[in-house]
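The exercises below are meant to be worked through slowly, with the sequence and the structure open side by side. Try each task before reading its solution.

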Amino acid sequence: MIRLLAGVLMALGTLAIGAPALAQAGPARHVTAELVSSRQGIAPGETIHVALRQQIQKGWHTYWRNSGDSGEATRIKWELPAGWRTSDIIWPAPRRLPVGPLMNYGYEGDVLLPVALTAPASARPGEKVSLNARASFLVCAEICVPEDADLSLTLPVTATSAPQDPKWGDQIEVVLTAAPKPAALAAAFQPRPNGVALAVTGAVLKGADLADAYFYPFESTVIDHAARQAIERGPEGLTLTLAPGYGFQGGRAPQVLAGVLALDGKAYEIAATPGAPPPGASGLGPPPAKGAGVSNLGLAAAALFALLGGLILNLMPCVFPILAMKAASLAGHGGERAEARRQGLAFGAGSVLTFVILAAGLIALKAAGSAIGWGFQLQSPPVVAVLALVMLAVALNLSGLFEVGTSLQGAGSGLASRGGTLGAFFTGVLAVVVAAPCTAPFMGPALGWALTQTPAAALVVFLALGTGFAAPFVLVSFAPGLLSRLPRPGPWMELFRKALAFPMYGAAAWLAWVLAQQAGAEDLAKLFAAAVVVAFSAWLLGLAQRRAAAGGRARGLAVGAGLFSALALAAVVWPQDKAAELKAEPYSPARVAQLRAAGRPVFINYTAAWCVSCQVNDKVALSTHAVASAFDRHKVAYLKADWTKRDATIAAELASHGRAGVPLYLVYGIHGGEGVILPSILTPDIVVKAVEAADRS
Amino acid sequence: MNIFSRRTVLAATMSLGLAAPAFALPQLGQPAPDFKALDAQGHERSLSEFSGRPVVLEWTNSGCPYVGKHYESGTMQSLQKKETADGVVWLTVSSSAPDTQGYFTAPTARSWAAKERWSGTAILLDSAGKIGREYGAKNTPHMFVIDKTGRIAYMGGIDDRPYADPASLKGAKPYVALALADLKAGRPVATPISKPYGCSVKYNSAD
């Protein structure tokens with residue numbers, strides 16, 4: 001009864017107050033919505049921005065274009081006079097809104113969602129235009145409520161551009177400026193065992209703070225939104241490791257990974273295509289934790305940490321073998337304390353000086369504007385490849401396959417034979433040079449900090465690092481007690497040396513991994529081939545040395561070893577000719593039909609990574625300039641049907657051409673008809689003739 | 001071979017913990033995880049008891065507007081009625097934790113079923129979120145179809161209209177109904193995966 005009465009009263013009240021009250025009726029709302037304009041009017045033919053403003057109740061949120069694991073994006077349905085047009089919503093970068101084990105993307109607080117509004121040229125100045133819209137949005141806290149708002153905005157049509165709206169002009173401008181935009185970024189994605197690697201490089205990422213980097217996909221099925229996105233920095237950009245979403249199941253993968261890359265208050269639109277990562281997207285490790293570690297340290301503390309870091313460096317796999325051998329040889333001077341001291345000091349001077357020279361070089365490069373960090377030596381794939389081979393050679397030497405002088409420390413002790421002091425100095429230099437690859441992963445953040453400081457401060461940190469590095473050796477040479485406690489040289493050294501080979505093999509393996517990250521599987525294969533050649537030449541050299549020791553002739557073997565090593569080195573540093581590489585698009589029967597309908601000659605390469613003859617054909621025929629220019633001339637569409645993984649469509653297609661496997665090369669002419677099957681062994685000439693024929697028939 | 005390598009990769013992902021999913025992501029074509037739960041009648045039910053029959057899993061939350069769209073219009077109940085008459089097992093799962101929206105006890109689940117004229121096989125009470133996490137259920141309604149051999153044949157939304165607005169039902173492509181039709185006809189499911197949509201499942205905040 002009371003309810004009925006209330007209803008009647010409400011109805012009466014509604015009648016009395018009139019229409020506007022209707023819009024306000026209903027239960028308490030969680031979002032107050034209105035339309036606002038950046039300008040006080042709009043001229044005929046002009047485009048200005050208007051925005052849907054949402055004032056969202058505290059603790060509640062609305063959604064971005066991809067709402068994440070649940071929810072729904074805000075929508076605006078416009079009712080405009082004839083000739084008036086609006087764009088889609090220009091979405092500001094969203095925020096992450098975790099809900100239990102799920103993740104949503106959306107907005108909280110006061111939000112402006114801008115839209116471009118274009119007036120028709122026929123709009124008449126002096127008139128007023130009414131823009132009506134129904135905004136629908138889901139607003140959620142723990143629970144979700146769909147809300148609608150019928151909104152309206154009236155703007156005068158002005159003869160010329162109207163002035164900015166005093167209240168909203170600036171605010172809309174700020175939102176538009178900050179909105180994600182394309183920024184000439186190269187992006188590629190690649191499924192890997194530990195997730196989908198999304199690699200992005202470009203000028204705007206160089207030197208940017210990547211600690212908060214995050215990829216918001218436009219599609220909701222491509223990634224697991226709630227999974228952590230692991231960040232790996234590179235000299236030119238970054239690589240995010242994403243947990244694949246449903247879109248990667250059932251042997252399928254998305255054609256494109258499009259979305260917004262947000263970092264440090266900025267946001268860029270990216271569209272990653274499948275393929276190998278662009279160079280420079282990784283190799284520098286994860287970003288240093290924000291506000292933690294060295295960033296807040298004073299110079300004194302940083303120097304102390306550098307000193308400790310230097311001490312720890314002695315234990316690194318690249319360094320320890322050298323120092324251990326040197327220390328053991330020092331023990332040989334047991335009786336000559338003065339000589340030991342002299343050598344210790346010389347070693348210390350050599351290593352500290354080398355550190356300072358490296359630091360000075362870095363500071364100079366930094367001043368010249370290069371965006372580099374410590375470990376910059378490791379950013380170039382050829383350098384990494386050569387270092388890997390050097391590590392391998394050192395390891396093989398420690399294993400006893402061949403000798404250099406007496407052993408590895410010969411690089412220093414070759415000189416040492418002439419003067420112990422000079423020899424020790426060079427051992428110090430060598431130790432730092434060899435230590436460099438190991439410092440990159442372990443010392444990176446600390447040295448990165450040092451490089452952001454003044455040159456003097458940076459030098460102090462590097463000096464401390466060098467001092468820490470040299471300290472143990474110098475200490476041993478100065479403390480007679482320690483020195484006498486070192487074991488005497490003897491047959492055990494041979495055993496010890498062979499055991500020490502394994503950390504060096506480990507270092508080589510690590511560098512190979514770095515190379516795979518930087519340059520991909522092909523360069524890794526090249527490195528491995530070179531490694532086999534290096535091992536072979538090391539063995540040849542050892543053979544030569546043993547023969548020479550036995551009084552035999554061994555020059556031929558030694559020369560052979562040298563030639564092979566040179567060959568291996570050349571192979572890994574030789575720049576690859578990528579100019580002639582054909583741009584392939586992925587194969588699908590629909591795409592073939594589409595291209596044929598468009599009257600394009602179509603070349604389909606049915607291939608697989610494990611098919612050797614396919615790879616040979618790719619290299620000797622398809623990747624030549626002659627073929628590239630023929631494809632270009634005849635506007636040939638080049639499709640790659642990759643059968644590396646099982647694919648029913650491709651298998652059926654192969655069967656229909658009487659093949660059980662790859663390679664198969666099919667060329668379709670511009671005037672339809674059956675495809676021409678090319679021989680399984682291609683030459684550039686065969687391919688060029690086939691595409692010429694396809695453009696005629 | 002294929003199964004093995006995929007599992008190995010998954011296991012490797014988990015053990016590395018690098019980009020491990022926040023919770024399980026079920027795999028299309030793989031055996032659906034078995035489970036045990038009490039239903040609204042107080043009986044213990046399991047997936048394995050229905051082996052040999054197609055099974056539909058429907059995540060629900062009585063307070064969610066997206067669930068409301070399908071129950072107030074009656075489309076959910078009529079699909080339940082039609083499919084169960086056809087021999088399909090329809091399990092409606094509530095993973096809402098206590099004190100969250102849509103939390104079901106046996107009596108509240110029974111009264112909701114009566115009020116909505118719910119027509120499935122059983123309502124499973126999963127307030128601990130165990131089944132939900134096992135299946136990676138994100139939304140209400142999040143739908144799974146399991147084929148007669150116990151493998152996941154479909155997962156995603158109930159249709160292609162991820163909107164709360166009841167007007168969106170018109171002309172929607174009913175993915176679940178289509179998947180079941182494909183299974184009955186012995187065809188491969190044309191759309192085996194779609195975007196799940198709706199409210200978030202109101203899990204307890206144990207993690």
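**Exercise 1. A bend in a helix**

Step 1: Find the helix, which covers residues 455–478 of chain A and has 24 residues.
Step 2: Compare its span with the expected one; from its first C-alpha to its last the helix reaches 32 Å, which is close to the 34 Å expected at 1.5 Å a residue.
Step 3: Look along the helix for the bend, which is found at A:Ala471 and comes to about 45°.
Step 4: Check the residues that come after the bend, where a proline, A:Pro472, follows within four residues.

**Exercise 2. Confidence in the two chains**

Find the mean pLDDT of chain A and of chain B, and then locate stretches where the pLDDT is under 50.

Solution. 
Step 1: Chain A averages a pLDDT of 79, with 80% of the residues scoring at least 70, while chain B has a mean of 86, with 87% of its residues reaching 70 or more.
Step 2: Among the elements of chain A, the lowest mean pLDDT belongs to helix 2 (residues 19–24), at 34, and the highest to strand 14 (residues 214–217), at 96.
Step 3: In chain A the pLDDT is below 50 over residues 290–296, a stretch with 11 contacts in the model beyond near neighbours in sequence, and also over residues 405–418, a stretch with 30 such contacts.
Step 4: In chain B the pLDDT stays under 50 over residues 1–22, for which the model has 33 contacts beyond four places in sequence.
Step 5: Draw the lesson for reading such stretches: where pLDDT is low, the predicted coordinates should not be read in detail.
Step 6: For the complex, note that the predictor gives an ipTM of 0.79 and a pTM of 0.53.

**Exercise 3. Backbone features in loops**

Which residues other than glycine have a positive phi, and are they buried, partly exposed or exposed?

Solution. 
Step 1: One of them is A:Lys635, with a phi of about 50°, and this residue is placed in the loop between helix 17 (625–633) and strand 21 (637–642) of chain A.
Step 2: Another is B:Asp99, whose phi is near 70°, and which is placed in the loop between strand 4 (89–94) and helix 4 (106–116) of chain B.
Step 3: B:Asp99 has 10 C-beta neighbours inside 10 Å, so this residue counts as exposed.
Step 4: For a further loop feature, turn to the cis peptide bond that joins B:Thr140 and B:Pro141, with an omega of about -5°; B:Pro141 lies in the loop between strand 6 (139–140) and strand 7 (143–146) of chain B.

**Exercise 4. From a core to one buried residue**

Which residues touch the most other members of the largest nonpolar core, and why does B:Ala122 count as buried?

Solution. 
Step 1: The largest nonpolar core has 76 residues, of which A:Leu198, A:Val200 and A:Leu261 touch the most other members; strand 9 of chain A gives the most to this core, with 7 residues.
Step 2: B:Ala122, placed in strand 5 (residues 122–125) of chain B, is buried because 20 other C-beta atoms lie within 10 Å, and 20 is the number at which a residue begins to count as buried.
Step 3: Leaving out residues up to four places away in sequence, B:Ala122 touches B:Asp39, B:Arg45 and B:Leu91.
Step 4: The C-alpha atoms of B:Ala122 and B:Leu38 are separated by 9.5 Å, with the two residues 84 apart along the chain.

**Exercise 5. Where the chains touch**

How many residues does each chain bring to the contact?

Solution. 
Step 1: Chain A brings 31 residues and chain B brings 37 residues.
Step 2: On the side of chain A that touches chain B, strand 10 of chain A gives the most, with 3 residues.
Step 3: Sorted by class, that side of chain A has 15 nonpolar, 10 polar and 6 charged residues.

Technical notes:
Residues numbered from 1 in each chain as written. Chains lettered and ligands numbered in written order. Predicted model: local features only at pLDDT ≥ 70, side-chain atom pairs only at ≥ 80, totals over all residues. Helix = DSSP H or I, 4+ residues; strand = E, 2+ residues; numbered from the N terminus. Buried ≥ 20, exposed ≤ 12 C-beta atoms within 10 Å, placed from the backbone. Contact = placed C-beta atoms within 7 Å. Nonpolar A, V, L, I, M, F, W, Y, C, P; charged D, E, K, R; others polar. Expected span 1.5 Å × (residues − 1). Bend = angle between axes of the 7 residues up to and from the residue. pLDDT = per-residue confidence, 0-100. Core = buried A, V, L, I, M, F, W, Y, C linked by C-beta atoms within 7 Å.
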